[in-house]
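Let's take a quick walk through a protein model, looking at its charged pairs and one greasy spot. Have the structure open as you read.

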Amino acid sequence: MQISEQRSSMLHGILLMALFACAAFYIGDMDFVKSLSLSPMIVGIILGMLYANSLRNHLPETWTPGIAFCSKRILRLGIILYGFRLTFQDITAVGLPAVCIDAIVVTATILIGIGVGRLLKMDRGIALLASVGSAICGAAAILGTESAIKVKPYKTAVAVATVVIFGTLAMFVYPMLYKAGVFELTPGEMGIFTGSTVHEVAHVVGAGNAMGKEVSDSAIIVKMIRVMMLVPVLLVISWDVARQARRHPENDEMGRGKIQIPWFALLFLAVICFNSLNLLPEGVVSFINTLCTFLLTMAMTALGAETSIEKFKKAGAKPFALAAILFVWLIGAGYLMAKYLVPLF
């Protein structure tokens, strides 16, 4: 009987997150929200944070396991299904320059972020999450990394907040500077620049559409290649977390001394391989992508539900300072690479 009650309580928490996800989809479909290119995932974490700072204390604590289930198991399933958005044909569509620049941007951004985080004496979990989010694909990359290093939910929410703010800013800044002639790039070069440096996929779509179809098409493909790089990054992070844990077992908050292989990342890669074969009808893939977004929205809402204002205050201003530094780096280095490196290929 007790096991049955526990399952019922967990189901209540899961259904609550599903309800929030439905609300996030409804809000995300509003014209104002669409104009900001805010995905249901971002709306979901905002709703979760509102819940954490209002109704959370008035609902049964037995619902908490269901919320935790969404922030862990549902999250990993969503990341795996995210692979249906990508194919290896995308790589051949933009060529070697885009792949090289993506690789440089991802590697350098993560290393710079970790280094700046140490200089700022930041919590290393938040620094790593914010760095990976800036380097790869915003909230989705942060969620994947969170599953690999296992930090407290509020740290994930703080990191997501940083990339949302600067990703949204980039969505408006890039078209403005491009149209003003500050970015002296061809449409193809601008597409590579945008896709390799803007945080969220939704923000790349928003910025690209504002600059024209030629820019948008290449920007989205370059961004998708950048998303694929999440797999090797997670493998390296898992190895490094295990190494750090063995050296400093007393500070083993981020993992264990044994390498934790992120199997969901390997399944994510396997899904990309399968999707590249084009075996499923377009309608089925579209449904899977919608389901993926819904699951990730549930996970984001669950993470937001663990994040109170007090925890944001505890994190302080340093995560946002780090994100600002990485934002400036992405613009400056990305522009120089698009202008001077791409023509060399």
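Below are some notes on salt bridges and a surface patch.

## Ground rules

This is a predicted model, so to speak: local features need pLDDT of at least 70, side-chain atom pairs count only at pLDDT 80 or more, and totals for chains, interfaces and linings use all residues. Residues are numbered from 1 along each chain as its sequence is written, and side-chain values use heavy atoms, with hydrogens and water left out.

## Salt bridges

Side chains of opposite charge can pair when their charged atoms come close. Here a salt bridge is a side-chain nitrogen of Lys or Arg within 4 Å of a carboxyl oxygen of Asp or Glu, and by that rule there are two.

One joins Asp123 and Lys155, at 2.8 Å from N to O. Asp123 sits in the loop between α6 (96-119) and α7 (124-135) and Lys155 in helix α9 (residues 153-179), so the pair ties together parts 32 residues apart in sequence. Helices are DSSP runs (H or I, at least four residues), numbered from the N terminus. Lys155 is buried at 3% relative accessibility, while Asp123 is partly exposed at 29%; buried means under 20% relative accessible area, exposed over 50%, partly exposed in between (1.4 Å probe, protein chains only).

The other pairs Lys339 with Glu184, at 4.0 Å from N to O. Lys339 is in helix α17 (residues 318-341) and Glu184 in the loop between α9 and α10 (187-197), 155 residues apart.

## A nonpolar patch

Phe274, Leu277, Leu279, Leu280 and Val284 form a nonpolar surface patch with about 430 Å² of accessible area together. Patch members have over 30% relative accessible area and no salt bridge, with nonpolar side chains (Val, Leu, Ile, Met, Phe, Trp, Tyr) joined within 5 Å and like charges within 9 Å. Areas come from the Shrake-Rupley method with a 1.4 Å probe; for residues, only the protein chains shown count as cover. Leu277 lies in the loop between α14 (263-276) and α15 (282-304) and is exposed, at 54% relative accessible area.

Conventions:
Helix = DSSP H or I, 4+ residues; strand = E, 2+ residues; numbered from the N terminus.
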